[in-house]
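Visitor: Could you take me through this model, one question at a time, and show how each answer is reached?

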Amino acid sequence: MPKTNLPLRPRRRKARDMSTEIGLGKNACAQYEALLEDYLDGALDTTEARTAELHVQNCEPCRAALQQASASVRLFRAAGPSEGPGPAFARTVMARIYAAEREGAGDRAGIWQSLVKLGWRFAATATVVLAVLVTYDAGWGRHLQRNLNSPRLMHMNDIFAPDPANPPASRDEVLMMEAENHGN
Amino acid sequence: MAASATALTLPLDHKGKKEEDRELVRLSQNGAEAAFEELVRRHQQRVFSLVGGILRRAEDVEDVAQQVFLKAFLGIRRFDQRAAFSTWLYKIAVNECWDYLRKKKVRPLVYESDLSDEQVSRLDGIVSADRPPEGPNARAEARELLDRMLAALPEQDKQLLILKEMEGFSVQELAEILDLNVNTVKVRLFRARGRIMEVYRRRVDAQNKSAAAAAQKKG
């Protein structure tokens, strides 16, 4: 990859492949990159390590790349790992978990309470409706009874009710009775 | 969830770490909060490192790390243990970090990538030295210089290098956490090393040039 002299932009740029901006000099052989990373990591057995060393001895770009990579290890080692959590971290996490659980239980209780409230409202409404119906029914019943006992209706009963002592014997007698009643 | 810390009696001595984790996960799934607390203690350092490695903002790391464990607790009953608990947890951590960055609409912290001549000299001393600098101040300074250099790298290179070299994650772990092929991780790491050292070499070259120019002016 050719070396370029593009200036490095200072900050907050979009992540992208910078390989064109950062000259890499001569690249290592592609098929040896993973092996060299393992070599650097001390992850190779003796035979594999010997293979890597032999290649590096005979390949200048790979030798340069391995030297650069080794220097990067020193650079990172100097910085060391991030600071770890404080001694109370686990306790804090558990306290947060307990709080979340309580909140969850509170939410569940809230749903149940609203259901109970709704139930009570429904029961109260049903009771009121029932009371109104009973009251109305009782009042209407009395009113109806009063109307049935009125002289006009009793008279109408006389008109239509047959005389139980002398029931009509035929259809003609019924017509005669009706005509008499009408005449009266 | 009635199990107390004292009720947790695990035969931990004769089992591998992963087996112990499996047992602790099983107990946690049955409601033993003490078992989950033990899982927190075992993995808090790595989760902190992972979150710190991605966010690079000390003030946010603790909060996000707590959120990671809270999510793990809430989801542990659904965890089928086909993968290691650590892998599952680290994936939650990576997702949580990206969610956090997206919600806050910030990118991981980057510094100015330019270094002063004095800083380049100090960096040169660090790279050339056989032993890492000792003491918290020296480490903090090295970290700051490194962060400035890392700013010139693509995000993925930066994360891989930080997690591997500073936070101690293995290639295998990185492949699992970041859903990459192991070989891809190795190749990317090796190339990223080359890139960061190229950034360093450019800084040194620039410093040498400016020093030579200053000497010429004086002469």
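Visitor: Which pattern does chain A follow when read along the sequence?
Guide: In this predicted model, chain A has six helices and zero strands. Read along the sequence, the elements of chain A therefore give the pattern α-α-α-α-α-α.

Visitor: What share of the residues in chain A is buried?
Guide: A residue has to have 20 or more other C-beta atoms within 10 Å of its own to be called buried. Of the 184 residues in chain A, the share that is buried comes to 15%.

Visitor: Which element gives the most to the side of chain B that touches chain A?
Guide: The contact between the chains involves 53 residues of chain B and 43 residues of chain A. On the side of chain B, the elements that give two or more residues include α2, α3 (58-75) and α9 (182-218), and by class this side has 26 nonpolar, ten polar and 17 charged residues. With 13 residues, the element that gives the most to it is α9(B).

Visitor: On which residue is the kink in α2(B) centred?
Guide: A straight helix of 23 residues would reach 33 Å at 1.5 Å a residue, whereas the end C-alpha atoms of α2(B) are only 29 Å apart. Of these 23 residues, 18 are buried, so α2(B) is largely enclosed by the rest of the structure. The kink in α2(B) is about 50° and is centred on B:H43.

Visitor: Is B:Q81 buried or exposed?
Guide: Most residues other than glycine have a negative phi. B:Q81, which is not a glycine, has a positive phi of about 65°, and its place is in the loop between α3 and α4 (85-104) of chain B. Because B:Q81 has 12 C-beta neighbours inside 10 Å, it counts as exposed.

Visitor: How many other C-beta atoms lie within 10 Å in the case of B:D179?
Guide: B:D179 is found in the loop between α8 (171-177) and α9 of chain B, and its phi is positive, near 55°. B:D179 is exposed, and the number of other C-beta atoms within 10 Å is 8.

Note on methods: Residues are numbered from 1 along each chain as its sequence is written. Chains are lettered from A and ligands numbered from 1 in the order in which they are written. This is a predicted model: local features need pLDDT of at least 70, side-chain atom pairs count only at pLDDT 80 or more; totals for chains, interfaces and linings use all residues. Helices (H or I, at least four residues) and strands (E, at least two) are DSSP runs, numbered from the N terminus. Two residues are in contact if their C-beta atoms, placed from the backbone, lie within 7 Å. Ala, Val, Leu, Ile, Met, Phe, Trp, Tyr, Cys and Pro count as nonpolar, Asp, Glu, Lys and Arg as charged, and the others, Gly among them, as polar. The expected span of a helix is 1.5 Å times one less than its number of residues. The bend at a residue is the angle between axes fitted to the seven residues ending there and the seven starting there.
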